[in-house]
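Subject: Structure handover

Hi there,

Here is the structure I promised to pass on to you. Below it you will find my notes on what turned up when I went through it.

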10 protein chains.
Amino acid sequence: MVRAYVLIQTDAGRAADVVEHVRHAPGIGEVAAVTGPYDVIAQIEAADVAVLGRTVLDSVQSAPGVVRTLTCPITSL
Amino acid sequence: MVRAYVLIQTDAGRAADVVEHVRHAPGIGEVAAVTGPYDVIAQIEAADVAVLGRTVLDSVQSAPGVVRTLTCPITSL
Amino acid sequence: MVRAYVLIQTDAGRAADVVEHVRHAPGIGEVAAVTGPYDVIAQIEAADVAVLGRTVLDSVQSAPGVVRTLTCPITSL
Amino acid sequence: MVRAYVLIQTDAGRAADVVEHVRHAPGIGEVAAVTGPYDVIAQIEAADVAVLGRTVLDSVQSAPGVVRTLTCPITSL
Amino acid sequence: MVRAYVLIQTDAGRAADVVEHVRHAPGIGEVAAVTGPYDVIAQIEAADVAVLGRTVLDSVQSAPGVVRTLTCPITSL
Amino acid sequence: MVRAYVLIQTDAGRAADVVEHVRHAPGIGEVAAVTGPYDVIAQIEAADVAVLGRTVLDSVQSAPGVVRTLTCPITSL
Amino acid sequence: MVRAYVLIQTDAGRAADVVEHVRHAPGIGEVAAVTGPYDVIAQIEAADVAVLGRTVLDSVQSAPGVVRTLTCPITSL
Amino acid sequence: MVRAYVLIQTDAGRAADVVEHVRHAPGIGEVAAVTGPYDVIAQIEAADVAVLGRTVLDSVQSAPGVVRTLTCPITSL
Amino acid sequence: MVRAYVLIQTDAGRAADVVEHVRHAPGIGEVAAVTGPYDVIAQIEAADVAVLGRTVLDSVQSAPGVVRTLTCPITSL
Amino acid sequence: MVRAYVLIQTDAGRAADVVEHVRHAPGIGEVAAVTGPYDVIAQIEAADVAVLGRTVLDSVQSAPGVVRTLTCPITSL
């Protein structure tokens with residue numbers, strides 16, 4: 001099992017749309033709009049890093065309004 | 001109650017338009033054109049952080065000419 | 001109630017120490033070592049933004065090895 | 001009369017000290033700890049830009065823990 | 001009276017055009033093409049910061065080929 | 001199994017020392033000095049992301065002369 | 001013989017396509033999708049630096065979705 | 001006489017075209033494709049800085065595929 | 001003859017000292033404290049680029065409190 | 001044979017010392033002090049990339065006052 005935080009930058013004014021889109025995508029945990037340099041932070045839980053990479057592509061980067069994502073896999077809790 | 005400063009970058013030549021647009025939007029306090037890396041700084045006062053996030057989206061990022069915003073919630077005065 | 005993600009950069013080789021220190025501090029939720037430009041991501045839940053700011057100062061930035069933190073308050077889930 | 005926002009970065013863990021120090025310095029308006037890339041935002045009101053520059057030096061940059069300031073004079077409200 | 005340096009980035013190949021355009025605009029002093037990260041540096045002298053802000057908008061940012069400007073008001077000589 | 005590239009910045013003049021130190025540490029694959037913004041790139045293979053994180057801390061960041069590392073876990077080949 | 005790592009940034013959502021395209025191009029070794037600021041890392045082996053430069057152009061930068069590449073030639077193993 | 005290095009960033013895949021175009025332009029010395037953050041480095045020799053600036057505009061920035069140039073005049077050898 | 005703008009970053013709180021020091025150094029024209037990412041901007045006039053480079057070293061970078069300078073030679077007025 | 005440009009950043013005021021030191025080191029071609037974000041640019045010619053990497057370490061990064069170097073191997077002329 002691998003978990004990651006995905007830090008997401010969106011087009012101006014699109015954060016709520018991205019939250020809504022990503023929230024219902026497969027493999028996604030909590031999705032939150034935040035203030036600061038990033039607009040949305042999503043949590044992902046995947047069977048392994050291969051599934052993790054695929055989930056970022058399919059469930060996050062596919063959302064209209066996403067400009068750039070930075071995936072931060074968790075190495076220890 | 002939560003307050004925030006919103007640091008705004010605009011397209012070249014659009015700062016005055018953005019000030020004018022944001023100034024009349026709901027939830028907005030003082031709006032100022034400034035010199036330096038940011039073009040406009042707006043103050044927001046909201047009932048809670050959820051309203052704050054919504055105000056940035058609806059009242060600031062919706063203004064034509066806004067390229068990127070950086071919201072800085074105040075944690076203590 | 002306000003929640004935030006705190007993105008933490010540490011001195012090289014200090015991420016595990018920071019996780020350990022921050023994990024037991026008051027007001028802190030999940031704390032994870034991550035890969036990428038940030039070294040540790042911590043979750044905070046506080047009564048309001050004033051408490052949030054105080055928790056970042058007292059429970060995160062006080063940890064030896066912390067170089068810089070970027071607090072991202074959640075505006076909507 | 002000229003007004004400015006001063007965006008302040010502090011050493012980790014020093015934001016509250018900087019707020020306290022700057023708040024009581026001459027020429028300073030509201031001083032707030034904030035989240036995001038900046039740690040403190042101060043407002044200054046000065047007779048002219050010369051006094052403004054002097055106030056940033058004497059009342060803000062003199063505070064222990066201040067690493068870097070970015071002064072943003074207001075050009076229009 | 002307030003004076004400022006305006007550091008200007010232009011589209012590749014447009015520096016000479018920008019110099020020519022800005023040089024004849026109202027409120028502008030010396031305008032120079034330079035080498036380095038900035039392409040053009042202009043000097044402005046204005047009655048106050050409000051006029052300064054307006055001059056940057058009307059006389060500099062209006063020039064075709066201007067991508068981004070950074071205005072640096074002079075606080076002391 | 002998880003693999004990662006670790007992009008390493010070193011103090012000026014320390015790249016060869018870092019290569020030598022990291023090369024003999026446990027869990028490390030190929031280690032190469034490179035030109036460009038990074039000075040050394042190391043490959044790691046670990047049982048899971050927890051071991052990966054621990055290997056970066058123990059086998060890379062412990063090397064004298066390492067200033068900052070950026071770990072890039074491989075999600076698909 | 002010269003070898004290099006090529007760090008590749010892609011348009012959001014295009015990493016898998018880029019991996020697929022680059023993998024089958026001439027002169028390319030391992031190609032991996034990764035997390036972090038870069039999206040794909042490719043290894044190249046070439047007869048000399050001239051062939052290396054040509055391979056980056058023809059086999060990597062030609063892939064649709066590639067935004068920017070950073071080639072890091074290996075100077076020692 | 002003044003000499004300068006011009007560090008050139010190009011669109012992905014255009015470095016060879018830019019080398020070819022710039023190489024035959026007037027006032028240009030050696031032109032090389034390079035690896036790293038810059039794609040091409042050109043040397044210029046000009047009668048004075050005014051000619052230098054004009055050569056960058058006319059002989060380098062005019063080349064299709066050039067995104068940004070950074071001219072570094074030589075002050076001493 | 002060659003002229004240049006020198007954009008100067010200083011330690012926090014040292015801008016006035018740097019202005020005072022640089023103002024009286026040989027080869028220096030107007031020296032101004034400014035707001036924004038740079039703290040001081042100095043003008044230099046030199047017989048040629050060799051003298052220019054020497055003046056930056058001897059008259060600007062020698063000033064206590066100077067952290068980094070960015071010299072922008074003027075190529076056309 | 002492989003050639004490279006080495007872009008060098010130095011401590012403030014140390015560029016001339018670095019030029020002097022690097023100029024007499026083995027494997028070094030032209031060394032020039034320049035204006036802009038880099039302070040010195042050196043040319044290197046080496047038998048292969050391994051020698052190139054060693055020359056940067058031994059002949060450039062060993063010079064007192066060198067803060068950071070960026071080596072740009074030439075891939076085609």
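Let me begin with a term: a cavity, worked out on a 1 Å grid over the protein atoms alone, is a set of points where a 1.4 Å probe fits but cannot get out, and its lining residues have an atom within 4 Å of a point. Grid points are joined across faces, edges and corners, and a volume is the space filled by probe spheres set on the points. Please keep in mind that this is a predicted model, in which local features need pLDDT of at least 70 and side-chain atom pairs count only at pLDDT 80 or more, while totals for chains, interfaces and linings use all residues. Residues are numbered from 1 along each chain as its sequence is written, chains are lettered from A and ligands numbered from 1 in the order in which they are written, and side-chain values use heavy atoms, with hydrogens and water left out.

**The cavity**

The structure holds one cavity of 30 Å³ or more, and the space in the largest cavity comes to about 30 Å³. Its lining draws on chains E and H: E:Thr10, E:Asp11, E:Ala12 and E:Asp39 on one hand, H:Gln61, H:Val67, H:Arg68 and H:Thr69 on the other. Strand 4 (residues 66-76) of chain H gives the largest share of that lining, three residues; strands here are DSSP runs of E, at least two residues long, and helices are runs of H or I of at least four, both numbered from the N terminus. Sorted by class, the lining has two nonpolar, three polar and three charged residues. In that scheme Ala, Val, Leu, Ile, Met, Phe, Trp, Tyr, Cys and Pro count as nonpolar, Asp, Glu, Lys and Arg as charged, and the others, Gly among them, as polar.

**How the chains sit together**

Chain A and chain I do not touch either, and their nearest C-alpha atoms are 19 Å apart.

**Salt bridges**

Over all chains there are 50 salt bridges, each being a side-chain nitrogen of Lys or Arg within 4 Å of a carboxyl oxygen of Asp or Glu. Three of them are described here.

- D:Glu30 pairs with B:Arg3, with 2.8 Å between the closest N and O atoms. This pair crosses between chains, from strand 2 (residues 28-34) of chain D to strand 1 (residues 2-10) of chain B. D:Glu30 is partly exposed, at 25% relative accessibility; buried means under 20% relative accessible area, exposed over 50%, and partly exposed in between, with a 1.4 Å probe and protein chains only.
- F:Glu20 and F:Arg23 meet at 3.6 Å, N to O. Both lie in helix 1 (residues 15-23) of chain F, three residues apart, about one turn of the helix. F:Glu20 is partly exposed at 39%, and F:Arg23 is partly exposed at 30%.
- J:Arg54 and J:Asp58 also form a salt bridge, at 3.6 Å from N to O. They are four residues apart in helix 2 (residues 49-60) of chain J, so about one helical turn separates them. J:Arg54 is partly exposed at 44%, as is J:Asp58 at 46%.

**A few single residues**

Which residues does B:Thr71 touch, leaving aside its neighbours within four places in sequence? They are A:Thr35, A:Gly36, B:Ala4, B:Tyr5, B:Val6, B:Leu52, B:Val56 and D:Thr35. B:Thr71 lies in strand 4 (residues 66-76) of chain B and counts as buried, at 4% relative accessibility.

D:Gly29, in strand 2 of chain D, is partly exposed at 39%. Beyond its neighbours within four places in sequence, D:Gly29 is in contact with D:Gln43 and D:Ile44. D:Gly29 and D:Glu45 are 16 residues apart in sequence, with 6.9 Å from C-alpha to C-alpha.

Best wishes

Technical notes: 1 Å grid on protein atoms, 1.4 Å probe; cavity = no way out; pocket = protein on both sides within 12 Å on 5 of 7 lines; lining within 4 Å. Contact = heavy atoms within 4.5 Å.
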